[in-house]
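Trainee: I have a new structure to look at and would like to learn how to read it. Please take me through it feature by feature.

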Amino acid sequence: ASHCVCHGPMLLRAKLVAVPRSLPRFVANGARNFVVTRKCLANFEAKLAHNGLPYAKPFEVSTGLGKSKMFCAQCSQHDTQCGTSVGNCKKTPMVSALQDDIMKSAKELGYYAHAARGLGKTVPNHIDRFTLISVFSTLTNVNNDPARMSKYVKQATACIDELKALCGSGVPAPDLPPAAILKQRQAAPDANASSLCEMLAYGLKGVAAYADHAAILGKEDPKIYAFIHEGLAFLTSPERHDLGKALEMCLRCGEANLWTMDLLYQGNTTLGIPEPTEVQVKPVEGKCILVSGHDLKVMESLLEACEKEGIKVYTHGEMLPGHAYPKLKKFTCLAGHYGGAWNRQHHEFAKFPGPIVLTSNCLTEPQDSYKQQVFTFGAVGWPGIKHLGEDFNAINWSTVTKLAQSLKGFTAEETKFSYDPVSGHGQPSPT
């Protein structure tokens with residue numbers, strides 16, 4: 001389904017061939033269309049064949065079956081390149097394979113964690129937390145560092161061994177699907193059930209991401225951990241081939257996401273109830289740090305460090321709502337918001353005169369002009385970029401603040417941000 005709705009229309013439009021009307025409706029309706037109707041697929045394949053275009057063939061030779069090095073179709077950025085050489089997110093074949101290995105390990109871990117709970121055992125909290133960060137790390141624009149990915153695979157093996165010992169010898173080994181997505185599709189007896197299982201895997205990644213943010217804020221819920229492990233275990237069970245069971249599990253994942261969003265709200269509102277707030281979008285004289293991502297608790301910690309040193313903090317991207325929380329807006333060092341959408345960071349980060357901290361997605365490939373200014377935290381990573389660790393309580397901001405003091409910062413003469421009013425994707429930047 002992913003290939004049909006994303007790759008095929010590009011082929012048709014490249015040759016100015018009319019795309020079947022049912023396809024844009026399918027894309028627009030998104031989550032409401034759990035299954036692509038066979039009629040839609042048949043019409044689409046016939047349309048491609050009539051115009052001499054291949055159907056699915058660019059990806060059929062992937063994952064060791066031919067010359068293609070990788071296959072990834074998990075995000076809206078993907079195109080044919082993501083099925084052959086390197087992702088639009090600049091994910092390499094090595095990272096793509098390691099992320100597949102992490103998800104395969106997560107399914108095995110989930111199987112044994114779910115089995116342990118069924119036996120009345122308590123799953124250790126460090127395994128629950130590891131599940132969140134490792135699964136979260138495989139989302140788009142989060143972590144493209146192969147060294148960190150390899151570490152997660154090794155950690156998963158240790159967690160699996162611990163869970164096996166907890167379960168005892170009475171639990172049989174799981175029927176693990178292939179690691180690679182394309183091989184999963186090729187091996188599946190029911191293509192529609194396979195697509196729903198792929199959707200479930202992406203849904204579990206989203207739940208893990210929100211639950212990780214909530215945990216940093218001090219909020220955890222055993223039923224969320226239990227569902228994530230149950231969902232991962234489902235992806236190893238014979239029931240994954242049953243269309244109805246797969247659809248039911250996807251719907252349950254949606255319900256679990258609502259629990260998790262509520263938990264995250266509880267965590268965020270420990271910083272106060274957000275209120276309408278005017279936000280400055282021009283520079284304030286002084287040394288500065290930019291913070292991006294979603295983790296408001298990390299932002300609070302950074303503000304505490306900068307308040308002591310008189311360093312101005314600017315939010316970026318989805319950190320903008322941080323200005324509305326009473327416990328954050330009380331800091332005099334919170335100076336304003338810098339930049340537009342995440343997909344313009346190549347242009348805007350290059351113009352920022354201070355360190356840049358990424359607390360979660362989205363991180364695109366740092367450019368040479370500013371990569372030495374970038375720091376990551378938590379699940380986020382990129383080769384060669386300085387990492388602040390995964391333990392919120394152990395963050396040492398001194399390296400970041402020292403760099404801020406050594407860089408230019410904003411001057412009194414600067415009355416607006418120096419990036420172009422229109423940049424990146426042609427969207428206007430705030431001035």
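This is a predicted model: local features need pLDDT of at least 70, side-chain atom pairs count only at pLDDT 80 or more; totals for chains, interfaces and linings use all residues.

Trainee: Got it. How many helices and strands does the protein chain have?

Mentor: There are 15 helices and eight strands in the protein chain.

Trainee: And in what order do the strands of the open sheet run?

Mentor: In general, strands of a sheet pair through backbone hydrogen bonds, either parallel or antiparallel. Here six strands make an open sheet, ordered E3-E2-E1-E4-E5-E6, with parallel pairing. Strand E3 (334–337) and strand E6 (386–387) sit at the edges with a single partner strand each, so one side of each has no neighbour in the sheet.

Trainee: Over how many bridges do E2 and E3 pair?

Mentor: Strand E2, residues 312–316, pairs with E3 over three bridges, in the parallel sense.

Trainee: Which strands does helix H15 touch?

Mentor: Contact means heavy atoms within 4.5 Å. Helix H15 (residues 398–406) packs on the sheet, where it touches strand E1 (288–292), strand E4 (356–358) and strand E5 (374–376). Its direction makes about 130 degrees with that of E1; axes are lines fitted to C-alpha atoms, for helices over the stretch in contact, and angles run from 0 to 180 degrees between N-to-C directions.

Trainee: Is Thr 401 buried or exposed?

Mentor: Thr 401, which lies in helix H15, counts as buried at 2% relative accessibility. The cut-offs are under 20% relative accessible area for buried, over 50% for exposed and partly exposed in between (1.4 Å probe, protein chains only). Setting aside residues up to four places away in sequence, Thr 401 touches Ile 289, Cys 306, Glu 309 and Ile 311. For the whole protein chain, 49% of the 431 residues are buried.

Trainee: At what angle do H6 and H10 cross?

Mentor: Helix H6 (residues 125–136) and helix H10 (residues 222–234) cross at roughly 65 degrees, and their axes come within 10 Å. The crossing is left-handed, a label used if the near helix is turned anticlockwise from the far one by less than a right angle, with right-handed used if clockwise. On the H6 side the contact is made by Asn 125, Asp 128, Arg 129, Thr 131 and Leu 132, and on the H10 side by Tyr 225, Ile 228, His 229 and Leu 232.

Trainee: Which residues does Asp 128 touch?

Mentor: Not counting residues up to four places away in sequence, Asp 128 touches Arg 117, Val 123, Tyr 225 and His 229. Asp 128 is buried, at 5% relative accessible area. Its side chain is joined to that of Arg 117 by a polar contact of 3.0 Å; this term is for a pair of N or O atoms within 3.5 Å, where within protein one must be able to donate a hydrogen and the other to accept it, and residues adjacent in sequence count only if both atoms are side-chain atoms.

Trainee: Now the backbone. Which peptide bond is cis, with omega near 20 degrees?

Mentor: Most residues other than glycine have a negative phi, and most peptide bonds are trans. In this model the bond from Asn 361 to Cys 362 is cis, with omega near 20 degrees, and Cys 362 lies in the loop between E4 and E5.

Trainee: What is the phi of Lys 90?

Mentor: Lys 90 is not a glycine, yet its phi is positive, about 75 degrees. This residue is in the loop between helix H4 (57–60) and helix H5 (93–118) and is partly exposed at 39% relative accessibility. Asn 141 also has a positive phi, about 65 degrees, but Asn 141 is buried at 4% relative accessibility. You'll find Asn 141 in the loop between H6 and helix H7 (146–167).

Trainee: Last one: how far apart are Gly 293 and Glu 318 in space?

Mentor: They are 5.8 Å apart, C-alpha to C-alpha, though 25 residues apart in sequence. Gly 293 lies in the loop between E1 and helix H12 (296–309) and is buried, at 2% relative accessibility. Beyond its neighbours within four places in sequence, the contacts of Gly 293 include His 316, Thr 359 and Asn 361.

Key: Residues are numbered from 1 along each chain as its sequence is written. Side-chain values use heavy atoms; hydrogens and water are left out. Two strands pair if DSSP finds at least two bridges between them. Helices (H or I, at least four residues) and strands (E, at least two) are DSSP runs, numbered from the N terminus.
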